[in-house]
Amino acid sequence: MPNAAQLFIKCLENEGVEYIFGIPGEENLHLIDALIDSSIRFITVRHEQAASFMADVYGRLTGRPGVCLSTLGPGATNLITGFADANMDHAPIIAVSGQGATTRMHKESHQVLDLVNLFKPVSKYSIAVLEPEIIPEIVRKAFKDAQAEKPGGGFISFPENIAAEEVSGEIIPLKVQGPLPPYPPELKVYKAAKVICEAEYPIILAGNGVVRGNAAEALTSFAEKLGIPVATTFMAKGTIPFSNPLCVGAIGLQAHDYVACGFDRADVVISVGFDMVEYHPHLWHPHGDKKIIHINQIYAEVDAKYILEVGVIGDITRSLDRIAELCERRDSFNTGSLRDLIVSELNHYDGKDDFPVKPQRILKDTRKVMGDDDILISDVGAHKMWVARMYPCEKPNTCIISNGFAAMGIGVPGAMAAKLLHPERKVLAITGDAGFMMNSQEIETAMRCNLPIVIMIWKDNGYGLIKWHQERRFGRSAFVDFSNPDFVKYAESFGAKGYRVKEPAELLPVLEQAFHDNTVVVIDVPVDYSENMKLTEKLGKLICPI
Ligand SMILES: Cc1ncc(C[n+]2csc(CCOP(=O)(O)OP(=O)(O)O)c2C)c(N)n1
Ligand SMILES: [Mg+2]
C-alpha cells in the first residue's frame, strides 16, 4: 500500500510537475523518499529562498505553477520571500513544507510554527494535510487556485505523521482541468469600441496580464490596426516589440519619464492586462480626467484614480480582436519624438570610454550580445530601473523584472530557472552587488546542475537605489555603502569563471566570451551611478515634446 507522501507525489506528477526546488529536512523525509521513484526531478538548492525564486520564475515563464519544498519552521520561513514575490507578481507557485506531527501541534514544540496562518497573507490558498484521503482534492485545489487569474501562491503544510500513513490504492489524483477565460460580453465590447472610436488621443497601457493571457500578438495587431501607441509596464516589456514605431517605452519610474508625456496627452487610456501592483494609477492619472477602458481577464482593482468608463472582462485576445473589428485606424500623436528621447539616451555613451561604465553603455552593449529570444533577468535596485526603462525588448518574457513585490535576490536563482527551461537560449542575470550577495551561494547549485548562466554585477559598493532616493529626497545619503569580496576570485572558488571589466571597451568582448565559455560566469562591472541623479535632474526639467 502506498503512503500519503507517495500519493502526494503522484498528484504532483498528475499536475505535470517536472521539477521541485528545495532542501530536504527531517520532517519531509517521506516526501523526499517518494520522489526517488517519481518522474519529477528534485533540484537541491543552498537556501530555501532560492528554491522559491526558482519556482517563481518557472511559473512566470511557463504559466504553470513552479513547485518548491522545504522542511518545517526555519525552512518554511526561508521560502516566504520568493513565494511572496511570486504571489504579488502574479506568477503561479506551490510551496510544500514538512510539518511536525499532528500530535504536537497544539503546544510549544521544536520548530513548530503555525505555517498555514503564516502563509495566509502571502498566498491565495494555504492549507494543512490532516487526512491522507483529502490529498487529491488539496493538490488539485492548490494548483487550480494558483493558476487562475490572477495567479499566485498555494501553500501546503504536510505533517510528518500524516505523510507516513498508508492509504488505499483506490485514492487517486483528480482530473486536471485548466481554467479557460470566458468570451467578453458583446455589449461591453460595443461600449468600449464606441469610446475608443471617438477618442482623440488614446494610449494603451499594457500590463503583465497580456503576458499571462498570451495576448502579445493580439495587442500588437490591435495597436497597428487602430494606430494607437502602446506603453508597457516593466513586467510587460516585449508585449509589443520595441522596434515597432507604436511602442513608446516602459512606464514605472517614480518620475515624470518621457513615456509619461504620452499619458499627459491622452484623453482615453486603454488598460490591457494591467496589474495595479506595478504602478499606481495616481502616477499616470494624477488628475483623474481620462476615460479608462479596462480590458482584462478579471475585474478591476478599486482605486480612486482608476474609475472605469467601460470594463471588458474575458479572454484578452478575443476582446482586442472584437473591438478592433469595430474601429477605424487613426493618426496617433507623434510617438517618434518620445521614442527618440529614450533611444538617444541609450546611444549616448556608445563607443565612448567613460569609466566606471555608464549604465546606458552597459545596456547598449548587452543588447548587442543578446538575441531577441534570449532572456535577461534583472535583480532589484538602481540597475533594475535602468534595465526596465531602457533595455529594448522585442518579445514577452525575455526581460524578467520583479515589480510587484520587487524582492532583491531574485536575479541569480531566477536565471537558473530560466536556463533550466531554455537551455538553448542565452540567459543573463543583471544584478546589483547587494542583491547578488543575497543568493550568490546558488552558484554552487548552478555548477552542480550544469546551468551555464552569466551573472553581470553592477558594482557600486552600495545600495545604489536607496542612495539615489536619499539624494533625491534629502540631498545627502547615509548607511548605504559597503565593500565587496573579489568577485572574480569568489566565482573561481566555486569552479565558475570570473571576469572584471577594467575599461568600457572590454565589456562587449567579455560578454561574448562569457556566453562562449558555457559555464557559470560572473562579470564584475564597475558602474557609474552618478548618472542616477543626472537622470532625475533631466526628467525634472523635461518639457514634453508632444
Ligand atoms: C529583499 C529586499 N530587501 C530590501 C529591499 C529594498 N531595496 C530595494 S533596492 C535596494 C538596494 C539594492 O542594492 P544593489 O543590489 O547593490 O543594487 P543597486 O541599487 O546598487 O543597483 C534595497 C535595499 C528590497 N527591495 N528587497
Ligand atoms: Mg549596488
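Reader: How far is the sulfur of C399 from the closest cysteine sulfur?

Author: The closest cysteine sulfur sits in C393. A disulfide is a pair of cysteine sulfur atoms within 2.5 Å. The C399 sulfur is too far from its neighbour for a bond, at 4.9 Å.

Reader: Which pLDDT must side-chain atom pairs reach to count?

Author: Residues are numbered from 1 along each chain as its sequence is written, chains are lettered from A and ligands numbered from 1 in the order written, and side-chain values use heavy atoms, without hydrogens and water. This is a predicted model: totals for chains, interfaces and linings use all residues, local features need pLDDT of at least 70, and side-chain atom pairs count only at pLDDT 80 or more.

Reader: Are C393 and C399 buried or exposed?

Author: Buried means under 20% relative accessible area, exposed means over 50%, and partly exposed lies in between (1.4 Å probe, protein chains only). C393 has 3% relative accessibility. C399 has 1%. By these cut-offs C393 is buried, and C399 also counts as buried.

Reader: How many disulfides does a search of the whole structure find?

Author: One disulfide joins C197 and C327. Another joins C261 to C544. Counted along the chain, the bonded cysteines follow the pattern 1-3, 2-4. The search of the whole structure gives a total of 2.

Reader: How many residues apart in sequence are the parts that C197 and C327 tie together?

Author: The two sulfur atoms are 2.3 Å apart. Helices are DSSP runs (H or I, at least four residues), numbered from the N terminus. C197 lies in helix α8 (residues 186-198), and C327 in the loop between α13 (316-326) and α14 (335-347), so the sequence separation of the tied parts is 130 residues.

Reader: Is the disulfide of C261 and C544 left-handed or right-handed?

Author: The S to S distance is 2.1 Å. C261 lies in helix α11 (residues 258-265) and C544 in the segment after α23 (530-540), so the link ties parts 283 residues apart in sequence. The torsion about the S-S bond is about -80 degrees, so the disulfide is left-handed.

Reader: At roughly what angle do the axes of helices α15 and α22 cross?

Author: Axes are lines fitted to C-alpha atoms, for helices over the stretch in contact, and angles run from 0 to 180 degrees between N-to-C directions. Contact means heavy atoms within 4.5 Å. Residues of α15 including I362 and V369 meet residues of α22, among them L508 and F515. The axes of α15 (residues 359-369) and α22 (residues 504-517) come within 10 Å, and they cross at roughly 35 degrees.

How values were computed: Helix = DSSP H or I, 4+ residues; strand = E, 2+ residues; numbered from the N terminus.
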